[in-house]
Amino acid sequence: MRKVTTIPAMADGYDVQAIEAKWQAYWRDHKTYEVDNGDPRPHFYVLCMYPYPSGRAHMGHVRNYTFGDLIVRHRTMLGNAVLSPMGFDSFGLPAENAAIRTGVHPRTFTDDRMAELRSSIERIGAVYDWRREVHSHDPSYIRWTQWIFLRFLEAGLAYRAMAPVNWDPVDQTVLANEQVLADGTAERSGALVEKRDLEQWFFRITDYAQELLDDLDGLDWPERVKVMQRNWIGRSEGAAFSMPVVDADGQEHADGVSVEVFTTRPDTSFGMTYAVMAPEHPLVSAVTTAERRADVEAFVDQVAGASDVERMSSQEALSKRGVFTGAYVRNPFTASPVPLYLADYVLMGYGTGAVMAVPSEDQRDWDFAVAHGLPHLRTVAPPQGWEGEAFTGDGPHINSGFLDGMLKDDAIVAAIDWLEGQGLGQRQVNFRLRDWLVSRQRFWGCPIPVVYCDECGVVPIPDDQLPVLAPDDVEFQPTGQSPLQSHEGFLHTSCPRCSGPVRRETDTMDTFVDSSWYFLRFCDPWSSDAPFSPAAVAEWMPVDQYIGGVEHAILHLMYARFFTKALADQGIAPATMREPFSRLFTQGMIRLDGEKMSKSKGNLVAPDEILDAEGADALRLAHLFVGPPQEDVDWEGVGLDGCSRFLQRLWRLAQGEVGSAAVVRDVTADDEQIERSVHRLMAKVGEDYERWSYNTAVAACMEATNDLYRYAQSEQGPRVDTLNFAVDTLLLLLAPMAPHLTAELWERRRGGHIHAERWPEPNPDLLGVDRVTMVVQVNGKVRDRIEVEAGITSQQAEDIALASTKVAAQLGGATPRKVVVRPPRLVNIVV
RNA sequence: GCGAGCGUGGCGGAAUGGCAGACGCGCCAGGUUUAGGUCCUGGUGUCCACUGGACGUGGGGGUUCGACUCCCCCCGCUCGCACCA
């Protein structure tokens, strides 16, 4: 917990609250950060992931918006037209759950929280073009989300299908695969997800699997996010081929049934000793023999009740449950029959739902073979002395007919060529990525704009009748059922096509649909005849800097990429716009005592308290100073007091309250040293801003302030022009980080608005120092430090180093074997 | 198991292959102050025979005149994926 300390005495006149309120009002009233389309300056689009309106801001928000705001202000000072919009991801279950608890309509609840969050965001001094605000539950936004849905429907990118889906029994809705964690619990509610067969709406994200994978290469994103997306897409290349079902003697079935399998290792086909189908495979009943039927049906029933995750990850699953069907399939490579099993580790949803099993070159198959007493045959020669089980490495093929002697890559190609030549199979690419399930059985989301007509089937609501809005006169019951499902007025309407009575769709869209295009709406939020104009999108997109939490690495960031590509292909967005976010930065989490800070853990440190005491600038600076922005931080490590003290010191310095009075004089060596150090500071802070090294930028400014304190307190007093130049520069460099204090001081010292000033650029001629400390090493160990002219030659440096008495003592008369000279900083004498 | 990242003082952390520990917190001392706090100045890796020296960036090896930094092996922590054929 934060220690309650006495508030440091204020520097004279530094009234944090008054100053911060004054400048927040200034930026609002002067529309400082509003930017119009068509602005002639070079464009830069900075975006923080829009938040779910949860009420007052928490520390994660503060951190996120501090980074974003810093970039907005820095880029503006660099002369860019910076688009900095903000909005709210305002659909979602918390509002609906609150409605069930309290009876307050989700809109009222959400609007209240949005207002709270907006005002606490403003209190940290983050600036936005609020004219462009969008929120998901705004009817004008709903209209265009629905419009896009209908365009996807027309294009075949949205479709309805019966599928085994993830059902969350707590939130009473289905979930997308991406919203179920590896342990089988729901990402949002934590409930153990069940499997149900339901008819649901999907977006055909798999159409873009290859492009989503390929285009990752060109993105300036954290590598781990790209890796996570690549894993999620899960491309694998191989062959699919079919095998006729036969009996133990190799006699084909009269009905000519065959099983299609997918493999990435067709080169090992000669080693196939059995085959496996998923228990849900449509051919199960057809292939099962009479004497095995009872066992097979028992197994299928047992598996049917389990979720994918239970099947794939639990301990029982790893024990390789399976059952023999009594049938065999003929391996086309050897023409021999192998037994056909069912096993729950084979999934119907991937590949063909059936696999060939090669125990000698696949550990999973090896384990299953051991458990069920099946043989194995090596087809890739393992290395000498191999004592492992399955060998998955490369080696010359054996026992493999025409593949014998080949290495893996050649053998794969040869095996596929052979399959294609025989007309038995073909090269195939599979993806792990599934289509995106977007329907949710909840009230507080964007309604799916279709009706069901007995005559016409699924009928879209015509564009001119959008938006379809949920009714207000609804009652929320703790049944878990969406009130839309029982609202007669909403449910019944007439068919847009045949005018007959129809039933409305009562499902709403996943809230990730809303967040998949909000960054496009920000470019043109006033558009009333399209979700946005292609010209406005072309003007601002892609987002130059996107900032958010790594928890969205797959979900939001994959969906938004899909939307961008799909909208471009539908001609709604410019065709060339293939990616939404050029650069992504994922900030670290804030922990408290090692735990994630969150409402549910009850370990929040409220920013409001700190804003009341130390103020926004100190809080922002503390977040920037604590460490590298991409790293997680513990709140204990956030040095608020130190940052607050620093700002007070800066205030006193800038107000002329430190040291003796400044004097007018010609430049002395000391003055010049200060001036040069200020140019170096400009270079340092500028570079640090570019490379997201804010902690070192703050440190450099603190160091400069300490130097200026000593300078101001020096015997001869500070030179007035030198001190002013140094302080003014320091204020400019800090303006993006501590906007209120620097604005106030600038106005008092210089007049005008600091954030309208140009970013200071160093004079390259003054970046060097004239005298430096040269390090003299003997055998790599520092033995002396000597002040030298910065411009000395190698020979001079060597001479000076060898003249050192300390060095002579170390050498003890020995002759150097070698002298490494890096003038003017270092000489290393090797003996 | 696979993949990625990380291991530096009491703490958060700095350091393009070239002075390890910038900056801040904490702590110690001095000054200011009636006192405490604030504020100002200085000190603060460990050890020793203390105007100096030895050791020191998870452990071990290597490359190099020189390694926190590059390479190999090991240990530990964090995150992601995990029967995807």
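This is a predicted model: local features need pLDDT of at least 70, side-chain atom pairs count only at pLDDT 80 or more; totals for chains, interfaces and linings use all residues.
Q: At what angle do helix 3 and helix 4 pack?
A: Helices here are DSSP runs of H or I with at least four residues, and strands are E runs of at least two, both numbered from the N terminus. Axes are lines fitted to C-alpha atoms, for helices over the stretch in contact, and angles go from 0 to 180 degrees between N-to-C directions. Helix 3 (residues 93-102) and helix 4 (residues 106-123) have their axes 8 Å apart, and they pack at an angle of about 125°.

Q: What kind of model is this?
A: For the bookkeeping, residues are numbered from 1 along each chain as its sequence is written, while chains are lettered from A and ligands numbered from 1 in the order in which they are written.

Q: How do helix 3 and helix 4 stand to each other?
A: Angles under 35 degrees count as roughly parallel, over 145 as roughly antiparallel, 65 to 115 as roughly perpendicular and the rest as oblique. The packing angle is about 125°. Helix 3 and helix 4 are therefore oblique.

Q: Is the crossing of helix 3 and helix 4 left-handed or right-handed?
A: The call is left-handed if the near helix is turned anticlockwise from the far one by less than a right angle, and right-handed if clockwise. For helix 3 and helix 4 the crossing comes out right-handed.

Q: Which residues in helix 4 meet helix 3?
A: Contact means heavy atoms within 4.5 Å. On the helix 3 side you'll find P94, A95, E96, A98 and A99. The residues of this contact divide into six nonpolar, one polar and one charged (Ala, Val, Leu, Ile, Met, Phe, Trp, Tyr, Cys and Pro are nonpolar; Asp, Glu, Lys and Arg charged; the others, Gly among them, polar). In helix 4 the partners are P106, F109 and T110.

Q: How many of the 11 residues of helix 25 are buried?
A: Buried is under 20% relative accessible area, exposed is over 50%, and partly exposed is in between (1.4 Å probe, protein chains only). In helix 25 (739-749), P739, H740, L741, T742, A743, E744, L745 and W746 are buried. Helix 25 is largely enclosed by the rest of the structure, because the number of its buried residues is eight.

Q: Which helices do the buried residues of helix 25 pack against?
A: Just past the end of helix 25, G751 takes a positive phi of about 80°. As for the packing, the partners of the buried residues are helix 1 (16-29), helix 2 (59-77), helix 20 (616-625), helix 21 (640-654) and helix 24.

Q: Which residues does A738 touch, not counting those up to four places away in sequence?
A: A738 is in the loop between helix 24 (720-734) and helix 25, and at 0% relative accessibility it counts as buried. Its C-alpha atom is 7.0 Å from that of R620, 118 residues apart along the chain. The residues that A738 touches are D617 and L647.

Q: Which residue in strand 13 stands opposite F203?
A: Strand 5 (residues 194-203) and strand 13 run antiparallel and are joined by two bridges. The residue opposite F203 is W436.

Q: In strand 20, what is the bridge partner of C48?
A: Another open sheet has four strands in the order 2-1-20-21, with parallel pairing. Its neighbouring strands are turned by 20° against each other on average, direction ignored. Three bridges join strand 1 (residues 43-48) to strand 20, and the partner of C48 is I547.

Q: What is the omega of the cis peptide bond from M541 to P542?
A: Most residues other than glycine have a negative phi, and most peptide bonds are trans. P542 lies in the loop between helix 17 (534-540) and strand 20 (545-549). The bond from M541 is cis, with omega near -5°.

Q: Is A335 buried or exposed?
A: A335 sits in the loop between strand 9 (322-330) and strand 10 (337-343). It has a positive phi of about 65° although it isn't a glycine. With a relative accessible area of 53%, A335 is exposed.

How values were computed: Side-chain values use heavy atoms; hydrogens and water are left out. Two strands pair if DSSP finds at least two bridges between them.
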